[in-house]
Amino acid sequence: MTSLLNQLNPSIKAFTVILLVCLLTFVFDPFTPLVYCLFTILLTFVCGKIAWKRYMLYFLIIILLSVGMLWTTLAFADEPNRPHDTMEILFWDIPKEDVTVALALTLRMLAFASLSFMFIFTTNMVHFILSLMQQCKLSPKLAYGVLAGYRFLPLMKDELNQIRAAHQIRGVRRANGIKESIQQYKRYAIPLLAGAIRKAERTAVAMESKGFSGERQRTFYRTFTVKWQDWTFLVGMLLLFFIIIMISIKLGYFSWYKGQF
Amino acid sequence: MINVSNLSLWFHEDNDKPIISNLSFQLDRGETMLLLGPSGSGKSTLTHCLNGIYPRELDGKMTGDVTIFGQSIHDAHPGTISKQVGVVFQDPESQFCMLTVEDEIAFGLENICTPPLEISRKIDEVLQMVDLIDDKHSVISSLSGGQKQKLALACVLALEPEILILDEPTANLDPQATQEFIKTIQTIKQKKSMGIIVIEHQLEGWVSFIDRSFILSKDGKCMYDGPLARIISDNKESVLEEGICLPKITKLVLTAAEQNKAAYISPPLTIKDTPSLVTYMDNSFLEKTIPAAHQADIILSASRVTQNKKQKRVLHQIDFDLYESSFVAIIGANGSGKTSLTKVLSGIEAPTHGDILLRQHPIRNWKEKLLRKEIGYVFQNPEHQFITDTVFDEIAYSLRLHPYSESYIEEKVHYTLVNCQLQGFEHRHPYSLSQGQKRRLSVATMIVDEQKILFLDEPTFGQDAASTLKLMQMLKERHAKGTSIIMVTHDMDIVDKYADRVLVLENGEIIRDQSPDQLWKDSDLRRWHLDYPTRIQLQQHLEVNQHDFAIKST
């Protein structure tokens with residue numbers, strides 16, 4: 001296993017994923033997304049250094065979801081054009097057409113998931129934002145705001161737990177029913193917001209004290225550049241996509257998306 | 001370097017009471033100044049003026065001027081002042097925006113457009129300076145409080161400012177981390193000729209190398225500008241009246257002198273100076289007045305309590321019996337499990353293993369409502385506990401959970417208000433109170449129902465001398481009436497003065513459970529990041545140097 005995927009430029013990686021997701025939406029047959037999905041997973045495992053246990057877990061969740069989707073699309077399918085052309089799945093006669101549509105939708109979702117996971121599991125969030133600033137000219141004001149917020153989330157969670165315990169000890173009953181729950185969260189909201197605003201203000205002052213003015217003119221300690229590997233990755237992923245389409249046309253599976261669902 | 005002239009500042013355009021009024025002073029190259037004043041006297045506001053946040057971010061108005069190297073802050077470009085004035089803030093959690101140590105230092109350098117190669121050189125340099133080089137690649141959230149403050153200092157030093165402002169940098173640190181931080185500052189001061197302004201409540205350690213003090217009064221006026229020792233000998237009443245914390249040793253000698261049990265040439269600021277400045281001191285003043293805890297009925301007991309969080313051991317095999325009407329202090333390094341212990345003992349969190357008995361019944365079998373009538377818990381942040389919109393309702397809240405008559409409740413609330421020195425604030429919103437008042441209110445809500453056990457998590461944190469004293473008096477009164485108090489603290493003088501029993505925690509285990517007096521006999525408390533109280537430090541110093549001015553009177 002190498003870490004080739006991890007070393008790619010995050011912006012280009014994100015662009016590639018988005019582009020391919022867009023292209024995949026035009027395809028509507030089970031074969032193309034299935035093959036593309038398998039290739040992506042293979043690529044992730046071979047060329048990426050990832051927390052594979054977590055990867056599997058997340059993918060399992062997505063598979064469960066897609067099985068649910070498969071069933072609902074089958075059960076609530078449109079009136080088929082050729083209702084007598086059926087196939088038997090688990091003692092159940094289903095029009096072949098419906099199966100194709102359902103499979104196409106489900107596998108498309110899996111292909112999207114595999115692409116997104118390839119990005120998420122091989123990309124450092126901080127590096128992604130830094131790269132967005134350097135390659136896509138994202139405003140530093142926004143970028144460092146997001147980074148500071150990213151640090152905040154766990155702190156907010158701790159604080160909510162604190163407030164919950166503090167209220168519990170005051171004898172505030174655990175909420176029963178929706179109305180009380182809403183009221184309870186309203187009570188949590190004030191100290192939580194007061195704390196968050198204060199913290200945010202402190203962070204802002206601290207950032208400004210370190211010379212941050214939100215201007216675009218700055219240097220970068222971690223520089224991200226676009227190298228030939230990045231372009232190769234983009235072109236390679238696109239080529240792979242078109243080759244799979246060619247094969248699928250050859251085998252007679254291919255069809256364009258015509259607004260079915 | 002810095003020149004402040006007739007500076008006044010208001011938070012609202014039409015408000016006639018300024019936050020700071022008519023301040024003028026100068027700070028020269030290499031000079032170090034202590035900025036003192038009670039809570040709410042405008043110390044932090046002044047800091048904001050000095051580093052260029054105000055007037056740009058100010059909604060109110062500002063008159064007078066601040067010039068830094070001849071340039072007025074009114075026409076300074078945002079971001080340029082930071083190259084000259086660096087600030088380390090109080091809260092270690094909220095002054096970073098990146099995830100790792102090196103990125104955080106790089107952030108500041110990137111802002112001022114330092115070339116990347118230079119950045120990596122400077123990162124190593126400043127990390128070496130604050131002794132954090134081994135943590136270069138660490139994630140910030142994994143650092144201890146003391147390390148975080150050192151990192152904050154490193155970030156600022158990397159920008160090579162001419163002036164360094166430290167805004168209560170050690171308020172959240174344990175005694176050893178505090179000493180280390182001060183030592184770091186001292187070394188840096190020797191290496192670089194920076195101007196330093198220190199805002200602090202705890203003056204120990206600082207006064208040994210900072211002579212000049214600038215004192216603000218409650219209403220934001222300049223009260224004094226000069227050597228600290230002089231105002232203490234000339235006009236100590238005014239300093240004490242304002243609620244300004246003096247070094248503990250100074251306080252000790254002054255109190256002794258008031259009772260004619262000490263005499264001095266001039267008030268000492270450090271323990272080291274004491275023998276040469278104090279001519280006579282009654283030995284009884286250095287002895288313990290609080291008797292050790294007596295064994296009474298056990299009201300709360302924990303046996304073999306263990307708590308794990310995310311597979312990490314927080315508490316381990318805790319055995320503890322709480323006797324009726326005792327005053328227990330829990331001490332230990334940051335992260336040793338002090339807060340977790342109080343939370344488990346008070347039934348807020350459940351232990352992973354082990355039993356906790358309250359009046360011989362397992363605490364988990366107690367009904368929440370009855371349990372809260374027995375145990376009160378004061379959180380570190382008082383605001384977390386406020387539920388209602390007025391001080392009166394806040395105190396009445398827990399009484400109203402019981403079928404008491406309204407007149408009884410009113411009587412009870414008024415009694416508590418007086419007790420907590422909050423009379424006259426009944427109709428104020430809890431959030432609008434001062435820090436000290438908020439703290440007292442949060443204690444008030446926990447004692448109004450005559451709870452027998454009261455837990456407090458660092459109640460004196462961030463408070464000035466006056467409010468600390470008020471709070472401790474209030475707790476002492478409760479204790480005298482039979483309430484058991486269990487308090488987490490970093491302040492050894494409070495432990496010494498009030499507690500009759502002390503628990504020392506290390507890595508989630510109780511490693512000492514004895515009277516404070518016995519603990520002070522231990523020769524090396526520093527291995528647990530602890531320190532000795534002032535009177536013991538003085539005794540030790542006298543013993544080592546064989547001074548014998550302390551005479552035992554009959």
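**View 1. Contacts of A:S248 in a predicted model.** A:S248 touches A:D29, A:F31, A:T32, A:Y253 and A:F254, leaving aside residues up to four places away in sequence. Contact means heavy atoms within 4.5 Å. A:S248 sits in helix α9 (residues 228–250) of chain A. Helices (H or I, at least four residues) and strands (E, at least two) are DSSP runs, numbered from the N terminus. A:S248 is buried, at a relative accessible area of 0%. Buried means under 20% relative accessible area (1.4 Å probe, protein chains only).

This is a predicted model: local features need pLDDT of at least 70, side-chain atom pairs count only at pLDDT 80 or more, and totals for chains, interfaces and linings use all residues. Residues are numbered from 1 along each chain as its sequence is written, chains are lettered from A and ligands numbered from 1 in the order in which they are written, and side-chain values use heavy atoms, without hydrogens and water.

**View 2. Packing of two helices in chain B.** Helix α11 (residues 391–400) and helix α12 (residues 406–419) of chain B pack at about 125 degrees, with axes 10 Å apart. Axes are lines fitted to C-alpha atoms over the stretch in contact, and angles run from 0 to 180 degrees between N-to-C directions.

**View 3. An open sheet in chain B.** Four strands follow the order β14-β13-β16-β17 (chain B), with antiparallel pairing. Strands pair if DSSP finds at least two bridges between them. The edge strands, β14 (312–323) and β17 (361–362) of chain B, each pair on one side only. Eight bridges join β13 (residues 298–309) of chain B to β14(B). B:Q307 stands opposite B:L315 in β14(B).

Technical notes
Buried means under 20% relative accessible area, exposed over 50%, partly exposed in between (1.4 Å probe, protein chains only).
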